[in-house]
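Hi,

Here is the structure I promised to pass on. Have a look at it first, and my notes follow below.

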Amino acid sequence: MDSLGTMVAKRIMLGLVTLIVVSLLIFLGVELLPGDVTEAILGQSALPETVEAFRRELKLDLPPHIRYFTWMGEFFQGDFGNSLANGRPVADLIGWRFANTIFLAAVTAVVAVPISILLGILAALYRNSLFDRVISIVTLSTISFPEFFVAYILIALLSVQLILFPSISNINDQMSFLEKIHAIILPCLTLTLVVVAHMMRQTRAAIINIMASPFIEMARLKGIKPTRVIVMHAFPNALSPVINVVAINLAYLVVGVVIVEVVFVYPGLGQLLVDSVSMRDIPVVQASGLIFASIYIGLNLLADVLSIICNPRLRNPT
């Protein structure tokens, strides 16, 4: 147990170090943007006194290292500053948008994870069969196309030709749960087609690898049905890599939705990030980027910890 606690603590420390490095990259990336942000916002006709006052308000008169530590300290306190575009607190702008992104990712996960695991189990059960080959071809084909291409194909088929679902996935608090689900069918389907292949093939490979183990051979010799061997014996022992790939794809669902949100004009954090970049709304860009990075690092950290817990060989490396 001490060894397990030490390994988990090391993973957490590594995650924190990674987050610090990413925050530095975000801060330096904003610092290296060409031009003066104050002049870009106020315009070239602004008076020098106005520009100087605005620079002091944005703390641009302070040295970079002081601004970085101030920004990080305020971020961990939940103070993201105010938007340069409309003066509203960044936390208010991000809160509703972030909830929408989590809603889209959660609905997609509820659909994609069970389908991926089921297809992976069936592909392993009917290995090298026509079903296995067809599933592999279809999933690899969907993952080979960019998200925006899959999204536009779905819009053309299901929104323009068949007129089943809206092409613009606009949701608000006045809509019921079922209305929201109907509005996000197309972005949810787009993300599902993208992530199913990863999880399905990893599940299939993990189960096939376990199927070569001696205890599986013993179960077969006892006359246990192949389906029971895979579901009751192989799959539980393949949980470690499966959990890892599921957690990584969940991280992608939260962080990688930017393109999908832009295509479907979905009011999520990714759409807000793109709009803020175009308006050079630096506080919103920094906060959104660091939130995405924190979620991605956190879910990858969770994947590592769950893999250690589920795999005795990782818990006891000696």
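Where is the place of Ile153? Ile153 lies in helix H7 (helices are DSSP runs of H or I, at least four residues, numbered from the N terminus).

Before the rest, some housekeeping. This is a predicted model, where local features need pLDDT of at least 70 and side-chain atom pairs count only at pLDDT 80 or more, while totals for chains, interfaces and linings use all residues. Residues are numbered from 1 along each chain as its sequence is written, and side-chain values use heavy atoms, leaving out hydrogens and water.

Back to Ile153: with a relative accessible area of 39%, Ile153 is partly exposed, because that label covers values between buried (under 20%) and exposed (over 50%), using a 1.4 Å probe and protein chains only. Helix H7 (residues 147-161) also supplies five residues, the largest share, to a nonpolar patch. That surface patch is formed by Phe145, Phe148, Phe149, Tyr152, Ile153, Leu157 and Ile259, with about 650 Å² of accessible area together. Patch members have over 30% relative accessible area and no salt bridge, and nonpolar side chains (Val, Leu, Ile, Met, Phe, Trp, Tyr) are joined within 5 Å, like charges within 9 Å. Areas come from the Shrake-Rupley method with a 1.4 Å probe, and for residues only the protein chains shown count as cover.

Then there's Lys180, in helix H8 (residues 177-183). Lys180 is buried yet has no salt bridge (a Lys or Arg side-chain nitrogen within 4 Å of an Asp or Glu carboxyl oxygen). Asp173, the nearest side chain of opposite charge, is 4.5 Å away (Lys and Arg count as positive, Asp and Glu as negative; His and chain ends are not counted).

Cheers

Note on methods:
Helix = DSSP H or I, 4+ residues; strand = E, 2+ residues; numbered from the N terminus.
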